[in-house]
Number of protein chains: 4
Amino acid sequence: MAKPEPKLDAEGVNALLRRAFPQAPEQGFPRVLAVEPGRVRLASSYRPDMLRPGGVIAGPTLMSLADTAAYALVLAHIGDRLMTVTSQLNMSFLRGARPGELQAEAEMLRLGRRLAVCDVRIWTESPERLAAQANVTYALPE
Amino acid sequence: MAKPEPKLDAEGVNALLRRAFPQAPEQGFPRVLAVEPGRVRLASSYRPDMLRPGGVIAGPTLMSLADTAAYALVLAHIGDRLMTVTSQLNMSFLRGARPGELQAEAEMLRLGRRLAVCDVRIWTESPERLAAQANVTYALPE
Amino acid sequence: MAKPEPKLDAEGVNALLRRAFPQAPEQGFPRVLAVEPGRVRLASSYRPDMLRPGGVIAGPTLMSLADTAAYALVLAHIGDRLMTVTSQLNMSFLRGARPGELQAEAEMLRLGRRLAVCDVRIWTESPERLAAQANVTYALPE
Amino acid sequence: MAKPEPKLDAEGVNALLRRAFPQAPEQGFPRVLAVEPGRVRLASSYRPDMLRPGGVIAGPTLMSLADTAAYALVLAHIGDRLMTVTSQLNMSFLRGARPGELQAEAEMLRLGRRLAVCDVRIWTESPERLAAQANVTYALPE
């Protein structure tokens, strides 16, 4: 009952993301796999240029995915209002992300009138071995 | 498999908490209800002096509970090593916490050799209506 | 030029804080020492019950002071609108705070129409030896 | 007295950064301008592909710069130990960053034995109009 009802399905959110980032390369761009009440699931295919020294996926790649996952979650629940912007992103790097397809799950902690607060978890190997967790706040358009 | 195995049960963690905070008043002090692999559940009984103007539970009460919940989670998994200390606490206040028994659930995101990173969620009404979410990092003793 | 002009002086902010927290004990309650454009300075006198095991000042005492310092900074710049609420508080505990008068300095990073973002630094020994740093976001009333 | 003494100058840190990121394009790669006790200053030249819809610089570009600024600050003070890794990055987006050369200033809040905690501020127009502020924690090699 308390979970917010999505306004868009995965295909609808993917179309919005492509519209918001028209110049992004297809390869490695996150795609929404599933939308549920208060929750979305995304994946990004792996590209070798995501690696940093030490053989793990670079922090900025993970932060960018966390931001896009939260954006997708917000769009899924507020619909076609692209001008929502990140106001805060707090990320914990938990362990090196081994090369592989990046998975992200984003959960809506609170969808208010002015702010949306999202929990995002990212992994490559297994959801039991998270690479990173983020708390992302979006300021909603008025 | 990847979930860390607890070393203490709820009773064991409660005994450690009482030892760490000998002067804390019984009323309103968090007590551990359950310990599972990578997870603990706590509750604090409500005291009227927890309220702030507006009739909701004060932020510092929630931050203190988040910190204690993460501490309990860490102790449950590393045992009797009280000198672990908080190195970071990031809290999102999601909605006003109505007066009532405070509930907290803490989940281990990563138990490393030097740092433990915990996700904590706090509510009074229902876990579907979170009052606050926190990411708490503890530095472990060597 | 870009720094926000205060609407209240230290005495004015202290009067508002006393009104917001009528039941707080005099001893240990933060008092505003100075207000400047985009900045406030506070101090709290030391009370032995602020200590935790290890002989340092407890984390919740520091978090509470950070929250009050940011609140004082916001009130100094928006005036008598007490219903502004904390939406996020991110604190780094940098070193154990030795017993002594607590000092806090809060700086406005951004005073927007809907959110105020504040940097807060806390110490007892010296501002060169910070005990904690916090980033505190307040949601402003409409 | 309490401020940590740098081990490297700007040129020395730039050489380490080029070694750590051999594949990064010259254009837009952050370069260290100045190193002082507990502080570094960096700049990145602007590239049109840093923009996002709305005509402001993309969040991931700012997060990546904050991470590199903190890395440069840490290397300046611990010397040639490239394997230090980010453990937490908390960023507040304060206002849209207008197109222009990116400036970053990083300040060491605490250089401990195991963790370094840095405050980073980023702007294009003026340091009085910050685009973003970050708190970045690095785990130091043993």
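Ala, Val, Leu, Ile, Met, Phe, Trp, Tyr, Cys and Pro are called nonpolar here, Asp, Glu, Lys and Arg charged, and the others, Gly among them, polar. The model is predicted, so local features need pLDDT of at least 70 and side-chain atom pairs count only at pLDDT 80 or more, while totals for chains, interfaces and linings use all residues. Residues are numbered from 1 along each chain as its sequence is written, chains are lettered from A and ligands numbered from 1 in the order in which they are written, and side-chain values use heavy atoms, with hydrogens and water left out.

**View 1. The second largest cavity.** The space in this cavity is about 50 Å³. A cavity is a set of points, on a 1 Å grid over the protein atoms alone, where a 1.4 Å probe fits but cannot get out; lining residues have an atom within 4 Å of a point. Grid points are joined across faces, edges and corners, and the volume is the space filled by probe spheres set on the points. Gln88(B) is in the lining, together with Asn90(C), Met91(C), Ser92(C), Gln133(C) and Asn135(C), and with Asn90(D), Gln133(D), Ala134(D) and Asn135(D). Two or more lining residues come from each of strands S5 (85-93) and S8 (132-139) of chain C and strand S8 (132-139) of chain D. Strands are DSSP runs (E, at least two residues), numbered from the N terminus. The lining has two nonpolar, eight polar and no charged residues.

**View 2. The largest cavity.** Across the whole structure, the search finds two cavities of 30 Å³ or more, and the largest holds about 60 Å³ of space. Strands S5 (85-93) and S8 (132-139) of chain A, and strands S5 (85-93) and S8 (132-139) of chain B, each give two or more residues to its lining. Among the lining residues are Asn90(A), Met91(B), Gln88(C) and Gln88(D). By class, the lining of the largest cavity has two nonpolar, 10 polar and no charged residues.

View 3. Four salt bridges link chain C and chain D, a salt bridge being a side-chain nitrogen of Lys or Arg within 4 Å of a carboxyl oxygen of Asp or Glu. One of them joins Arg121(C) to Glu107(D) at 3.0 Å, N to O.

**View 4. The contact between chains A and D.** Here 20 residues from chain A meet 20 residues from chain D. The two chains bury about 1,600 Å², 54% of it on carbon and sulfur atoms. On the side of chain A, Arg52(A), Met63(A) and Phe93(A) lose the most area to chain D, together 26% of what that side buries. The count of salt bridges between chain A and chain D is zero.

Conventions. 1 Å grid on protein atoms, 1.4 Å probe; cavity = no way out; pocket = protein on both sides within 12 Å on 5 of 7 lines; lining within 4 Å. Helix = DSSP H or I, 4+ residues; strand = E, 2+ residues; numbered from the N terminus. Contact = heavy atoms within 4.5 Å. Buried area = accessible area lost by both parts, 1.4 Å probe.
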